Amino acid sequence: MTLLTLINENIYMKRISFSPLAMLVALIIGLMTVSCSKKSELLDTIPADVKCVAMMDVKGMLENAGAKFTSEGIEVPEALNGTDVSGLITLGKLHAAGACDISEIALIVYGKQELVFTFFVTDWEKFKTITSSLNWEEGNDGYTEGRVNGVPVLSDGTQCWMVIGSNPYETVNSLRESAKKEPISKLAGISGVLESDHLLNLALSQMTYGDTDNNTAQQLTVWQTLSASVSDNKIVATAQSMKGDGEKSTVKGMQHINPAVLSYVPANFNFALAAGFTPEFDWATATSALSSMFARNFQMQGAIAMLTPFLKAIDGTVLLAAGPSSEESYKDLDPSGWQFLLMAHLPQERINQVMTMIRGSLAQNGISPIDERDGVMTIPQYGMEFHVGNVDGYLALSNIPFENTRQNSLAPMFVNKDAAMTLEIPSLQLFSESAPAYGLKIKVEMGESEGKAEISLPGAKLPILETLLNTIYDK
């Protein structure tokens, strides 16, 4: 039994007497808003002080991956032939029997990193019968308890909760009590995103980055939201930064990318990442996160501390771009087979400080530049020649000479953006002959408060999610 056998949604039918006209109007409105109203009921059971909540349309995901739901159950994707599909079979039975509508499941991160999956039950008796392998039995506090691969599942007959990482009864009771005080459905902006018609909707409280023990459910809390679906055979995701009430929240310390730096990117480069910063950007959050990741690595801690003043001094565009020197570079990931370019706009005095530090480090290690002119040093190292210096007001580092007359087709998507990234690989077989022949294309762009990402697989013959499923199971 897998998690998928537990997904479901509850539709509450209200017994209200209508005139024929009123019934017709109510039906039309209901058909227009049914997806939102059902999701809203589930959001009513989720407290606003969660760290993260995601709403997933698992039925839609599976259909996009090649599954077909019928009145008898489910026809699994061809990619899964020969694998254990008992979980999907049960899922199909639940859907066909009307025990649940598998278009919604909520994933919650709550409290001290508790992970909770929750969903509504439409017909508890049918649900319990079809999922009998969970060995349902009477639990505490009026719940019925089952197990999925050792993970506890609680149900009150109308809703289920799967709890990972803590006492399930304490977590579920706390969730329900907190939701009564302030459900996330009361945060108009966040609930609007979570109720939207996408395969995945996610909201992450920015308080997560601070003291999570004091994470509050205030309307002014800033959230990072994301919605993802499949469109034109691409996975398309949109992101927004907003307060709980829906007011857009701009990222402070960002500015448009200077497209002039893109003239330094050669045509063969297939990866580029750029962002525009001002000295007001909050580098403290980023460096704090890095310090936490390397809490026991004193060398890395020292490097972060030394780097921080220079990060805070950035006033302009930062660019990182790379590409293979030949197709053979994909099969052999030796750095010497790859070309790269790093540029960061800094005040002249900071650039001078960095160059002084580099010269001092080279001298201590007995290394001398083979050339130094126009503010740029050429340093032999690791079988390559590194070029580092002041280029048009940028601290620049590359293993190819700096030239500002290059043309790269990736450049246009960076114009009028605060941040952007692009990656294009023509065929995955460049890495290995046994890999798929299709390619990979990723585009990400960000403005003041919104962002968009697209992932596509050029050359793939099947829909993107079905292609990925076939690739995972090597079909």
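The legends below describe close-up views of a predicted model.

**View 1. The whole protein chain.**
The protein chain holds 11 helices and 22 strands. It has 475 residues, of which 43% count as buried. Its accessible surface comes to about 24,500 Å², and 56% of that area belongs to carbon and sulfur atoms. Among contacts with a separation of 6 or more, 62% are between residues 24 or more positions apart.

**View 2. Strand S1 and its two partners.**
Strand S1 covers residues 52-56, and five of its five residues are buried. Cys52, Ala54 and Met56 point one way from S1, while Val53 and Met55 point the other way. For Cys52, the relative accessibility is 15%, so this residue counts as buried. S1 pairs with strand S4 (residues 105-110) in the antiparallel sense, over five bridges. In that pairing, Met56 has Ile105 of S4 as its bridge partner. S1 also pairs with strand S10 (residues 200-205), again antiparallel and over five bridges. Here Val53 stands opposite Ala203 in S10.

Strand S7 (residues 144-148) pairs with S8 in the antiparallel sense through five bridges. Val148 lies in strand S7, and its bridge partner in S8 is Val151. Is Val148 buried or exposed? Val148 has a relative accessible area of 5%, and because buried means under 20%, this residue counts as buried. Thr131 is 17 residues from Val148 along the chain, and the C-alpha atoms of the two are separated by 9.9 Å. The hairpin of S7 and S8 has two residues between the strands, and Asn149 takes a positive phi near 50° in this hairpin.

**View 3. Strand S8 and its pairing with S9.**
Strand S8 spans residues 151-155 and is mostly covered, with four of its five residues buried. S8 and S9 run antiparallel and are joined by three bridges. Ser155 stands opposite Cys160 in S9. The hairpin of S8 and S9 has three residues between the strands, and in this hairpin Gly157 takes a positive phi near 95°.

**View 4. The nonpolar cores.**
In soluble globular proteins, nonpolar side chains tend to be buried together. The largest nonpolar core in this model has 34 residues. Which of its residues touch the most other members? They are Leu62, Ile105, Trp124, Phe127, Trp136, Val153 and Cys160. Several elements each supply at least two residues of this core, including helix H2 (58-64), helix H3 (86-96) and helix H4 (124-130). Strand S5 (114-120), strand S9 (159-164) and helix H11 (464-472) are also among them. A second, separate core has 27 residues, including Ile46, Ala48, Leu154 and Val193.

A disulfide needs the two sulfur atoms within 2.5 Å. By this rule, the count for the model is zero disulfides. Cys100 has a relative accessible area of 3% and is buried. Its neighbour in this view, Cys160, is one of the residues that touch the most other members of the largest nonpolar core.

Technical notes:
Residues numbered from 1 in each chain as written. Predicted model: local features only at pLDDT ≥ 70, side-chain atom pairs only at ≥ 80, totals over all residues. Heavy atoms only, no water. Buried < 20%, exposed > 50% of the residue type's maximum accessible area, 1.4 Å probe, protein only. Core = buried A, V, L, I, M, F, W, Y, C linked by side-chain atoms within 4.5 Å. Pairing = 2+ DSSP bridges. Contact = heavy atoms within 4.5 Å. Areas by Shrake-Rupley, 256 points an atom, 1.4 Å probe, with all protein chains shown as cover.
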